[in-house]
Amino acid sequence: MRICIYGAGAVGGYLGVKLALAGQEVSLVARGAHLEAIRRDGLRLRIGGEELVARPPASDDPAELGPQDYVIVAVKAHSAPGIVAPMQPLLGAETAVVTAMNGVPWWYFHGLEGPWRDRRLASVDPGDAQWEGIGPGRAIGCVVYPATEIAEPGVIRHLSGNRFTLGEPSGEKTPRVRALARALIGAGFRAPVRKIRNEIWVKLWGNLCFNPISALTGETLDVVASDPGTVDVARGMMEEARRIGERLGVRFAVAVDRRIAGAAAVGAHRTSMLQDLERGRSLEIDALVTAVQEMGRLVGVETPTIDVVLSLVRQRARREGLYAYLKTGTQTVQ
């Protein structure tokens, strides 16, 4: 099975090492000092008190790697439109493209039963770059739960978790998604195949509110999810999102307060958006927040709390030079 990890950073590198050591034919797309270190010393994964090393082919030019069975896209969502053109040499007639990213995926409405079937999302796919350049028929959804980080160039540190939930947009358990699940399970991951839109909303529900609130306040997850003021804001955003999801046929298996309590129980965790802000990296605002606002407008659900928080976090990110916002309301490729 030929599997290319496009974006061999914290999450992609974790996948790449484990899949390569399990015997899959893995290749990596990386860049800069990280790529140089991988070529020189291999890709190293620090996990469970040991260091694993894999030496898969790695390049910053996908044309060197050739057509794949699966391309697992593990870049930040705001960078994804910009990799469509360089990705083309990886795409054979049957290649599946796995979106291992946070937030609402560009293919979300593909094949969705109802009046919004095959709608495009400008907030995550400006100009329909991914819809037209990759094609929604290739898409497999993936909800990422592990916490990982790049400790130094060429070195990934695993912090917690090993679940990558998979699913076809159609909800079918097709041979291709089953085969990918078997490969991930064989590499030591948990890889259930589920109705992927429900799974996307389970994670998005928390990311939508806790990420921007933490970036605005500088506080860790336990504080954001327990302070009465920020809890009220988070609850308002989640209730608005719940109404949107339900209009789209999503079933929420847990109540809002239970989801908030679960976040508080995680402890003094710095959300990914807060970490990106502190490290001077572009913020994943559109896939986590703007897309929900866009979907709300589409289905006729008002989002007053989401609107306020989105305006504030955009302003904060623009002030730091970490968000490029166009007049059309879409983000440029970073």
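Analyst: Let's start with V308, which sits in helix 12, residues 304–319. Keep in mind that this is a predicted model.

User: What makes L216, V308 and L312 a nonpolar surface patch?

Analyst: Patch members need over 30% relative accessible area and no salt bridge, and nonpolar side chains are joined within 5 Å. L216, V308 and L312 make such a patch, about 240 Å² of it.

User: Why is helix 11 called largely enclosed?

Analyst: Buried means under 20% relative accessible area. Twelve of the 15 residues of helix 11 are buried, so the rest of the structure largely encloses this helix. Among them are I285, L288, V292 and V299.

User: What do the buried residues of helix 11 pack against?

Analyst: They pack against helix 6 (196–217), helix 8 (228–247), helix 10 (272–279) and helix 12.

User: How do you know that the span of helix 11 agrees with what it should be?

Analyst: Take 1.5 Å times one less than the number of residues. For the 15 residues of helix 11 (285–299) that should give 21 Å, and the end C-alpha atoms are 21 Å apart, so the two agree. Helix 11 also bends by about 30° at A291, and G300, with a positive phi near 80°, follows it.

User: What makes helix 6 mostly covered?

Analyst: Of its 22 residues, 18 are buried. Helix 6 reaches 32 Å from first C-alpha to last, close to the 32 Å expected. There's a bend of about 30° at L204, and after helix 6 comes G218, whose phi is positive, near 75°.

Methods. Residues are numbered from 1 along each chain as its sequence is written. This is a predicted model: local features need pLDDT of at least 70, side-chain atom pairs count only at pLDDT 80 or more; totals for chains, interfaces and linings use all residues. Side-chain values use heavy atoms; hydrogens and water are left out. Patches are made of residues with over 30% relative accessible area and no salt bridge: like charges are joined within 9 Å, nonpolar side chains (Val, Leu, Ile, Met, Phe, Trp, Tyr) within 5 Å. Accessible areas come from the Shrake-Rupley method with a 1.4 Å probe; for residues, only the protein chains shown count as cover. A salt bridge is a side-chain nitrogen of Lys or Arg within 4 Å of a carboxyl oxygen of Asp or Glu. Helices (H or I, at least four residues) and strands (E, at least two) are DSSP runs, numbered from the N terminus. The bend at a residue is the angle between axes fitted to the seven residues ending there and the seven starting there. Buried means under 20% relative accessible area, exposed over 50%, partly exposed in between (1.4 Å probe, protein chains only). Contact means heavy atoms within 4.5 Å.
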